[in-house]
Amino acid sequence: LDLNTLFNAITPIPLAIQGCCLWMDSNDTSKISPAPSNNSTINTWTDKSTNAYVFTSPSTSTAKPTFISNSQNGKSTIKFASATLQYFIGNTASKNFALNTSSYALFAVFQKTSGTNGSIYNKSLFGAALNRILLTIDPNLNCGFSHDNASGKISNTTNTITTYQIVSVIINRYAGLDKSYVNGLVAGTYSYTPNSTTNFGASTYDTLIGAYNNSTGTGTPQADYYLNGNICEIISYKNTYDMTDATRQTVEGY
């Protein structure tokens with residue numbers, strides 16, 4: 001047994017890869033409160049990275065995301081209903097997340113059950129709507145990291161898919177090439193002048209799961225962008241170097 005095999009047996013793959021800054025795992029009941037049972041509502045969902053961000057449902061007791069047991073490949077998921085505006089909002093530490101000059105990668109396993117629009121995860125940087133990390137579903141913008149203008153969004157054509165899928169967004173700032181993948185296949189690209197010097201700092205904008213920020217970044221999220229679907233996992237990485245295809249495939253394989 002070599003050391004790498006032993007290490008990976010002890011350390012889960014998402015944490016074994018350097019730079020993990022967010023890991024939301026719907027199948028880990030120790031990170032969900034109150035202790036869940038099938039179809040029970042959720043108050044908080046906690047990040048498994050070293051950041052340990054806490055996401056809370058601000059909704060009423062009858063309008064919270066729900067825990068669904070054994071709903072995908074024998075694993076549990078968290079269900080969001082757009083009709084009752086279900087979502088999670090991150091604590092202050094998550095709001096202060098900054099990309100700085102790093103590259104970034106975002107992975108999500110989810111299912112959109114219905115609806116034209118929906119947001120899986122988003123965080124605005126610089127306090128401006130055009131500088132943000134996002135994975136949303138609508139006819140115009142789907143996933144990506146917006147740089148200094150709206151063209152930084154990566155569009156794809158998967159917003160009608162209602163089966164579970166793995167979506168990956170790889171922000172390679174040193175190469176100046178961003179890509180989105182759906183189930184390992186390229187769905188969209190965005191090329192630009194390599195940029196590893198602009199500091200994308202923190203803003204006071206909310207970090208949201210299952211909803212999209214409004215123009216002020218706080219308070220009630222953007223109308224019509226609540227998710228109607230299920231989220232299995234969200235994993236992200238921040239590094240001072242570009243993520244390779246081999247590393248991306250390792251996370252997707254996990």
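Predicted model: local features only at pLDDT ≥ 70, side-chain atom pairs only at ≥ 80, totals over all residues.
Residues are numbered from 1 along each chain as its sequence is written. Local features need pLDDT of at least 70 and side-chain atom pairs 80 or more, while totals for chains, interfaces and linings use all residues; side-chain values use heavy atoms, without hydrogens and water.

**Exercise 1.** Work out whether Arg 248 is buried or exposed, and what its side chain meets.

*Solution.* Start with the burial. Arg 248 has a relative accessible area of 4%, so Arg 248 is buried (under 20%; exposed is over 50%, partly exposed in between; 1.4 Å probe, protein chains only). Next, the ring. Arg 248 lies over the face of Tyr 181, 3.7 Å from the ring centre (NZ of Lys or CZ of Arg within 6 Å of the centre and within 35 degrees of the ring normal). Last, the contacts. Beyond four places in sequence, Arg 248 touches residues including Phe 107 and Ile 170 (heavy atoms within 4.5 Å).

**Exercise 2.** Classify the ring pair of Phe 107 and Tyr 237.

*Solution.* Take the geometry. The centres are 6.1 Å apart and the planes at 85°, so the pair is edge-to-face (centres within 6.5 Å; planes over 60 degrees apart; under 30 is stacked, the rest tilted; Trp counts by its six-membered ring). Then check burial. Phe 107 is buried at 3%, and Tyr 237 at 1%.

**Exercise 3.** Find which residues ring pairs link with Trp 45 into a cluster.

*Solution.* The cluster holds Trp 45, Phe 80 and Phe 88. Phe 80 is buried at 1%. Phe 88 is buried at 0%.
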